[in-house]
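Please read the report below alongside the sequence and the three-dimensional view.

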Amino acid sequence: MFHYEAPADLLKDRIILVTGAGDGIGRSAAWHYASHGATVVLLGRTLEKLESLYDEIENAGLAKPAIVPLNLDTAAEHDYIELSNQLYEEFGRLDGVLHNAGILGMRTPIENYDPITWEQVMRINVHAPFMLTQTLLPLLSQSSDASVIFTSSGVGRKGRAYWGAYAVSKFATEGLMQVLADELENTPNIRVNAINPGATRTRMRAYAYPAEPPETNPTPDEIMPLYLYLMGPDSRDINGQSMDAQGEGSA
Ligand code: NAP
């Protein structure tokens, strides 16, 4: 596991948007960001899940979050622009974005891969983070220390049979992160990196490996040190890196 002990006020007064905040790793990240002082913007497609996390954060006496119900499968350019305008009006800046929402699609040979599913996976896993990043960059540039984190996967670094669009989308995610990080190399107030969570106990993992006992893998809460490190000021000098939440390393 990546080793990092975050100070309690690591993200004090920061405004951080998390996609796919209603479940799995995104829910845990949003909760941990909030409990380290951030005001979190909870983006997801299932309103009840976002509301339940909202209540949990509010009941814990943490900074009041914001909810953005948005289906990244059907969102159009104007939805992203509207979101950016809303956040600008409410907060005037953004200090972090965790691109976490994603879908698995099918596990099947390329030969049989359903083209509609292929497009859907690419839309949610790649096109949505691109659109969000593009429309939110002006808000991120208003921050003195902004962190953008993409979510990768082991199959986004080395292709693996039957992982189809999911693997290809994660290669594209690594590419998007690298291109953007390089473009922002001389923009010291915005850094861009990726996290490979590694096998983690979520609905997606259970769907991908139905026969695997869930307790084989760490919970989302257990992989949070890297999510906190890369979002907070201690990672200020890190840009263009793809890091493993369950890998070795310390900070
Ligand atoms: P998960 O439990 O299935 O959660 C995925 C989240 O994405 C959910 O909150 C889901 O919302 C949201 N989402 C899916 N489609 C969406 C859409 N069209 N619009 C808006 N939100 C949408 O998955 P997870 O395991 O936490 O995965 C989180 C990230 O880690 C993904 O990018 C995944 O590829 C990556 N990852 C996971 C593992 C692992 O072992 N778990 C390993 C490597 C990489 P709903 O709850 O409303 O459906």
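## Overall form

The protein exposes about 11600 Å², of which carbon and sulfur atoms supply 51%. This value, like every other one in this report, was computed from a predicted model. Of the 251 residues of the protein, 50% count as buried, and the C-alpha trace spans about 50 × 40 × 40 Å along its principal axes.

The secondary structure comes to seven helices and seven strands, and read along the sequence these elements follow the pattern β-α-β-α-β-α-β-α-β-α-β-α-α-β. The radius of gyration of the protein is 17 Å, close to the 18 Å that the globule rule gives for 251 residues, so the protein is as compact as a globular protein of that length. Among the contacts that join residues at least 6 apart in sequence, 74% are between residues at least 24 apart.

## The sheet

The seven strands of the open sheet are arranged in the order β3-β2-β1-β4-β5-β6-β7, and their pairing is parallel. Strands β3 (66-69) and β7 (242-244) stand at the edges with a single partner strand each, so one side of each is left without a neighbour in the sheet. On average, and with direction ignored, neighbouring strands of this sheet are turned by 20° against each other.

Within this sheet, strand β1 (residues 15-19) pairs with strand β4 (residues 96-98) in the parallel sense, over three bridges. For isoleucine 16, the bridge partner in β4 is glycine 96.

## Helices on the sheet

Helix α4 (residues 115-140) packs on the sheet, where it touches β1, β2 (39-44), β4, β5 (146-151) and β6 (190-196), and the direction of helix α4 makes about 175° with that of β5. Helix α5 (residues 164-183) lies across β5, β6 and β7, and runs at about 160° to β5.

## An aromatic cluster

The count of aromatic pairs in the protein comes to five. One of them is formed by phenylalanine 2 and tyrosine 229, with 5.3 Å from centre to centre and 40° between the planes, and this pair is tilted. Phenylalanine 2 lies in the segment before β1, whereas tyrosine 229 belongs to helix α7 (residues 224-231), so the pair ties together parts that are 227 residues apart in sequence. Phenylalanine 2 is buried, with a relative accessible area of 6%, and tyrosine 229 is likewise buried, with a relative accessible area of 9%.

How are the rings of tyrosine 4 and tyrosine 229 placed, by the distance of their centres and the angle of their planes? The centres lie 5.1 Å apart and the planes stand at 65°, so the pair is edge-to-face. Tyrosine 4 lies in the segment before β1 and tyrosine 229 in helix α7, so this pair ties together parts that are 225 residues apart in sequence. Tyrosine 4 is buried, with a relative accessible area of 10%. Taken together, the ring pairs link Phe2, Tyr4 and Tyr229 into a cluster.

Notes. Residues are numbered from 1 along each chain as its sequence is written. This is a predicted model: local features need pLDDT of at least 70, side-chain atom pairs count only at pLDDT 80 or more; totals for chains, interfaces and linings use all residues. Side-chain values use heavy atoms; hydrogens and water are left out. Two strands pair if DSSP finds at least two bridges between them. Helices (H or I, at least four residues) and strands (E, at least two) are DSSP runs, numbered from the N terminus. Axes are lines fitted to C-alpha atoms, for helices over the stretch in contact, and angles run from 0 to 180 degrees between N-to-C directions. Contact means heavy atoms within 4.5 Å. The radius of gyration is taken over C-alpha atoms; the globule rule is 2.2 Å times the number of residues to the power 0.38. Buried means under 20% relative accessible area, exposed over 50%, partly exposed in between (1.4 Å probe, protein chains only). Accessible areas come from the Shrake-Rupley method with a 1.4 Å probe; for residues, only the protein chains shown count as cover. Rings of Phe, Tyr and Trp (its six-membered ring) pair if their centres lie within 6.5 Å; planes under 30 degrees apart count as stacked, over 60 as edge-to-face and the rest as tilted.
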